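Work through the exercises below with the sequence and the model at hand. Each task is followed by a solution in steps.

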Amino acid sequence: MALWLAADGRPWACGIFVAWCAGVVSTIDNVLRPLFAKSGVKLPGMMLFVGMFGGLIAFGIVGLFLGPIILYLLRELTRVANEAA
């Protein structure tokens, strides 16, 4: 969108759009996503962040959801294995 605005000869609109996306949308996304994801998956905040970041690196965009799920499953499997021993 920013490239289209710049190519259309509207540099002020392009600058405002980039500032809005970088400042407001990105900040809200980085704050609200972990809060919403935390309510669905019962993981500590730091573990959720590590799962989302690691999943993003390993699996791409889908990893944002797969990472915490895999961590949760591993944690529960470890808990069950410890109880059985």
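The exercises concern a predicted model and go from the overall fold to single contacts.

**Exercise 1. Fold and burial**

Task: State how many helices and strands the protein has, and what share of its residues is buried.

Solution. Step 1: the protein has four helices and zero strands. Step 2: along the sequence this gives the pattern α-α-α-α. Step 3: a residue counts as buried under 20% relative accessible area. Step 4: of the 85 residues in the protein, 16% are buried.

**Exercise 2. Length and faces of α3**

Task: Compare the span of α3 with the expected one, then find which residues of α3 are buried and which exposed residues lie on the face turned away from them.

Solution. Step 1: α3 runs over residues 45–59 and has 15 residues. Step 2: at 1.5 Å a residue, 21 Å is expected for α3; the distance from its first C-alpha to its last is 20 Å, close to that value. Step 3: the buried residues in α3 are L48, G51, M52 and G55. They are on the same side of α3, because the arc they cover around the axis is only 95°. Step 4: the face turned away from this buried side carries the exposed residues M46 and I57. For M46 the relative accessibility is 60%, so M46 counts as exposed. Step 5: just after α3, G60 has a positive phi of about 80°.

**Exercise 3. The aromatic pair**

Task: Find how many aromatic pairs there are, and classify the geometry of F49 and F53.

Solution. Step 1: ring centres must lie within 6.5 Å to count as a pair, and planes under 30 degrees apart count as stacked. Step 2: by this rule there is one aromatic pair. Step 3: the ring centres of F49 and F53 are 6.2 Å apart and the planes meet at 10°, so this pair is stacked. Step 4: both residues belong to helix α3, where F49 and F53 are four residues apart, about one turn of the helix. In general, an α-helix has 3.6 residues a turn, so residues three or four places apart point the same way.

**Exercise 4. The surface patch**

Task: Which residues form the nonpolar patch on the surface, and which helix gives the most to the nonpolar patch?

Solution. Step 1: the patch consists of F59, V62, L66, I70, L74 and L77, with about 550 Å² of accessible area together. Step 2: helix α4 gives the most to this patch, with four residues. Step 3: V62 sits in the loop between α3 and α4.

**Exercise 5. Salt bridges**

Task: How many salt bridges does a search of the whole structure find, and which residues do they join into one network?

Solution. Step 1: the search finds four salt bridges. Step 2: one of them pairs R10 with D8, with the closest N and O atoms 3.9 Å apart. R10 counts as partly exposed at 40% relative accessibility, and D8 counts as partly exposed at 44%. Step 3: the side chains of R75 and E76 also meet in a salt bridge, at 3.9 Å from N to O. Step 4: R79 forms a salt bridge with E83, with the closest N and O atoms 2.9 Å apart. R79 is partly exposed at 40%, and E83 is exposed at 57%. Both R79 and E83 lie in helix α4, four residues apart, about one turn of the helix. Step 5: salt bridges that share partners join R75, E76, R79 and E83 into one network.

Definitions and conventions:
Residues are numbered from 1 along each chain as its sequence is written. This is a predicted model: local features need pLDDT of at least 70, side-chain atom pairs count only at pLDDT 80 or more; totals for chains, interfaces and linings use all residues. Side-chain values use heavy atoms; hydrogens and water are left out. Patches are made of residues with over 30% relative accessible area and no salt bridge: like charges are joined within 9 Å, nonpolar side chains (Val, Leu, Ile, Met, Phe, Trp, Tyr) within 5 Å. Accessible areas come from the Shrake-Rupley method with a 1.4 Å probe; for residues, only the protein chains shown count as cover. Helices (H or I, at least four residues) and strands (E, at least two) are DSSP runs, numbered from the N terminus. Rings of Phe, Tyr and Trp (its six-membered ring) pair if their centres lie within 6.5 Å; planes under 30 degrees apart count as stacked, over 60 as edge-to-face and the rest as tilted. The expected span of a helix is 1.5 Å times one less than its number of residues. Buried means under 20% relative accessible area, exposed over 50%, partly exposed in between (1.4 Å probe, protein chains only). The arc is that of the directions from the helix axis to the C-beta atoms.
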